[in-house]
Amino acid sequence: MSLRFTREEVEDAQRIVAARVPPTPQYAWPLLAQRLGFTAWVKHENHTPLGAFKVRGGLTYFEHLARSGARCSGVISATRGNHGQSVAFAASLHGIRATIVVPRGNSVEKNAAMRSLGAELLEHGEDFQAAREHAAGLARERRLHMVPSFHRELIRGVMTYWLEFFGSFARGKEPDVVFVPIGQGSGFCAAAAARAYTGARSRLVGVVSAHATTYLDSWRSGQVVAAPVTTQLADGMACRLADREALDVLREEADDVVAVTDQEVAQAVRLLFQATHNVAEGAGAAALAAAMQQRERLAGRSVGLPLTGGNVDAPVLSRLLAV
């Protein structure tokens, strides 16, 4: 997969996304810097209309689908939540019915959000991979268009937030290192594409859950390696099987890949709330968790931290903040 986007492709994506999603803010929070010992630029994708960065990719994907002339009676996809909201939202803008498959025990509030956007919600399996395989079967059976979790058009949309991020700095003044959470890979690939497009010099470090290590294991081995998923907090990173194309990009573009535990993510959720009064879901706090893990080697440097989403169930957040 080529991550080289033309100027026309990039500007088109920016127009499509800007029609529905205003630029999100980014701040170097003083209290966060005081606690960490380095400047941390937080990109607030939790401030999009759907509370996460995924909305951007859905907009460009469905616009591409419409322009292709493809006729479909409906679409189907699998998700742990934010991708599904993106699909449901963009499908509704094009008058297309959306069916979303989630694993059993999925976030109650993310499920409710997808239904509120008009999606038919189906529960199947114990994890994302099982839900995705079921969705693929239903797509064939019902002749629905299967919206993947990883696709060049999704990356083109997600790339717009990284263009906002890197474009806010003077050339050569970008953060020394940027930590990027990895679920299915579109977020990291979008960061790499934007870095290449803008000429930014930041190092990119991928972040996975220590309880869902397929991308870390695969990055190390060079081959796709399945790994069990046991995370109880970072559902947006709960991937059992890496995507081959995403892995190829990760191996080429990542300076490092690190793993964070649920306990470290919980600490990051609390720190974000204490220092910025922003709510982060587990995956949304993963970048900060990684930076906290490496704070000694980052002392005195400038770091980029995407807060990729804030869609956490209220009981979960209450439990985390009560510690």
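**Figure 1. Ser149 in its loop.** Ser149 sits in the loop between β6 (145–146) and α7; helices (H or I, at least four residues) and strands (E, at least two) are DSSP runs, numbered from the N terminus. This is a predicted model, in which local features need pLDDT of at least 70 and side-chain atom pairs count only at pLDDT 80 or more, while totals for chains, interfaces and linings use all residues. Residues are numbered from 1 along each chain as its sequence is written, and side-chain values use heavy atoms, with hydrogens and water left out. Is Ser149 buried or exposed? With a relative accessible area of 9%, Ser149 is buried (buried means under 20% relative accessible area, exposed over 50%, and partly exposed in between, with a 1.4 Å probe and protein chains only). Leaving aside residues up to four places away in sequence, Ser149 touches Ala78, His83, Phe128, Leu154, Gln184 and Ser186; contact here means heavy atoms within 4.5 Å.

Figure 2. Side chains of opposite charge can pair when their charged atoms come close. Here Arg156 forms a salt bridge with Glu153, and their closest N and O atoms are 3.0 Å apart (a salt bridge is a side-chain nitrogen of Lys or Arg within 4 Å of a carboxyl oxygen of Asp or Glu). Both residues belong to helix α7 (residues 152–167), where they are three residues apart, about one turn of the helix. Arg156 is buried, and Glu153 is buried too.

**Figure 3. A salt bridge between distant parts of the chain.** Asp176 pairs with Arg301 in a salt bridge whose closest N and O atoms are 3.9 Å apart. Asp176 lies in the loop between α7 and β7 (177–181), whereas Arg301 lies in the loop between α13 (295–298) and β10 (302–307), so the pair links distant parts of the chain, 125 residues apart. Asp176 is partly exposed, with a relative accessible area of 32%. Arg301 is partly exposed as well, at 31%.

Figure 4. Asp248 is partly exposed, with a relative accessible area of 37%, and Arg244 is partly exposed, with 34%.

**Figure 5. Helix α9 and its cover.** Which residues of helix α9 (residues 214–221) are buried? They are Thr214, Tyr215, Leu216, Ser218 and Trp219. Their cover includes β8 (203–209), α10 and β9 (256–260). After α9 comes Gly222, whose phi is positive, near 85°.

**Figure 6. Stepping back to the whole protein.** Buried residues make up 58% of its 323 residues. Among contacts with a separation of 6 or more, 74% come from residues 24 or more positions apart. The structure holds 18 salt bridges. Along its principal axes, the C-alpha trace spans about 55 × 45 × 40 Å.
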